[in-house]
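Welcome! Please have a look at the sequence and the 3D structure below, and then let us walk through some of the details together.

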Amino acid sequence: MQVVKYMFQPHGDDRGQLISLEEYNDIPFRIKRVYYMYDTVADVVRGHHAHKKLQQILVCVHGSCKIRLDNGKEKKVVALEKPYEGLYVSNNMWREMFDFSEDAVLMVFASEVYDESDYIRDYDEFLKFVREHPEEKKENEG
């Protein structure tokens, strides 16, 4: 499994830092939704799902967290600890977010608007789906 991390270009001076993200330039898809998680309780694991179509970039803009990725064949854990790095999560990828620092803010850029029918929330159904739909896997070109 290939893990793709983006390093976004900070722009700053003695006043501080700024990162600007644009669809198709910094984010490899059209951004249709942005949301973020914060005040995550210790020992909570978020996610526990995959998407049939949706792609995401995850950025821990404050604090840190870990992301467990699973493509149905192999699993990897990726740490997000810097506000200028983003993790690409393709469709057909099971994801779990965990080990949030007390001050963590995890921002997500999504390629689609919310659609409950795009979610796969049962792990066995996910494994079946990726076996039956390998051609629908979107690979990141960036």
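## Two cysteines without a bond

The sulfur of Cys 65 has its closest cysteine sulfur in Cys 60, 4.1 Å away, which is too far for a bond. A disulfide is defined here as a pair of cysteine sulfur atoms within 2.5 Å. How many disulfides does a search of the whole structure find? The search gives zero.

Both cysteines are tucked away: Cys 65 is buried with a relative accessible area of 2%, and Cys 60 is buried at 0%. Buried means under 20% relative accessible area, exposed means over 50%, and partly exposed lies in between, using a 1.4 Å probe and protein chains only.

## About the model

This is a predicted model, in which local features need pLDDT of at least 70 and side-chain atom pairs count only at pLDDT 80 or more, while totals for chains, interfaces and linings use all residues. Residues are numbered from 1 along each chain as its sequence is written, and side-chain values use heavy atoms, leaving out hydrogens and water.

## An open sheet

Five strands make up an open sheet in the order β8-β7-β10-β5-β12, with antiparallel pairing. Strands β8 (75-80) and β12 (119-120) are at the edges, and each pairs on one side only. Strands here are DSSP runs of E with at least two residues, and helices are runs of H or I with at least four, numbered from the N terminus. Two strands pair if DSSP finds at least two bridges between them.

Strand β5 (residues 46-51) meets β12 through two bridges, in the antiparallel sense. Ala 50 has Ile 120 in β12 as its bridge partner.

## Strand β6 and its partners

Is strand β6 enclosed or open? Five of the seven residues of β6 are buried, so this strand is largely enclosed by the rest of the structure. Strand β6 runs antiparallel to β9, joined by three bridges, and Leu 58 stands opposite Leu 87 in β9. With β11, strand β6 pairs in the antiparallel sense over six bridges; there, Gln 56 stands opposite Ala 110.

## The nonpolar cores

A nonpolar core is a set of buried Ala, Val, Leu, Ile, Met, Phe, Trp, Tyr and Cys residues joined through side-chain atoms within 4.5 Å. The largest one has 17 residues, and those with the most contacts inside it are Leu 58, Ile 67, Leu 69, Leu 80 and Leu 106. Two or more residues each come from β6 (56-62), β7 (65-70), β8, β9 (85-89) and β11 (105-110). Strand β7 gives the largest share, three residues.

Leaving aside its neighbours within four places in sequence, Leu 58 is in contact (heavy atoms within 4.5 Å) with residues including Ile 67, Leu 80, Leu 87, Met 97 and Leu 106. Another core lies apart from the largest one; it has nine residues, among them Phe 8, Phe 29, Val 59 and Phe 109.

Lys 5 is found in strand β1 (residues 4-7) and is partly exposed, with a relative accessible area of 34%. Lys 5 and Val 78 are 73 residues apart in sequence, and 9.3 Å apart in space from C-alpha to C-alpha. The side chain of Lys 5 reaches the backbone oxygen of Ala 79 at 2.8 Å.

Glu 96 lies in strand β10 (residues 94-98) and is buried at a relative accessible area of 14%. Its side chain makes polar contacts with the side chains of His 48, at 3.5 Å, and Trp 94, at 3.0 Å. A polar contact is a pair of N or O atoms within 3.5 Å; within protein, one must be able to donate a hydrogen and the other to accept it, and residues adjacent in sequence count only if both atoms are side-chain atoms.

## Aromatic pairs

The structure holds six aromatic pairs. One of them is the stacked pair of Tyr 6 and Phe 8, with 6.3 Å centre to centre and 10° between the planes. Tyr 36 and Tyr 38 form a tilted pair, at 6.0 Å and 35°. Rings of Phe, Tyr and Trp (its six-membered ring) pair if their centres lie within 6.5 Å; planes under 30 degrees apart count as stacked, over 60 as edge-to-face and the rest as tilted.

Tyr 6 and Phe 8 are both buried, whereas Tyr 38 is partly exposed, with a relative accessible area of 49%. Finally, Trp 94, Tyr 123 and Phe 126 form one aromatic cluster.
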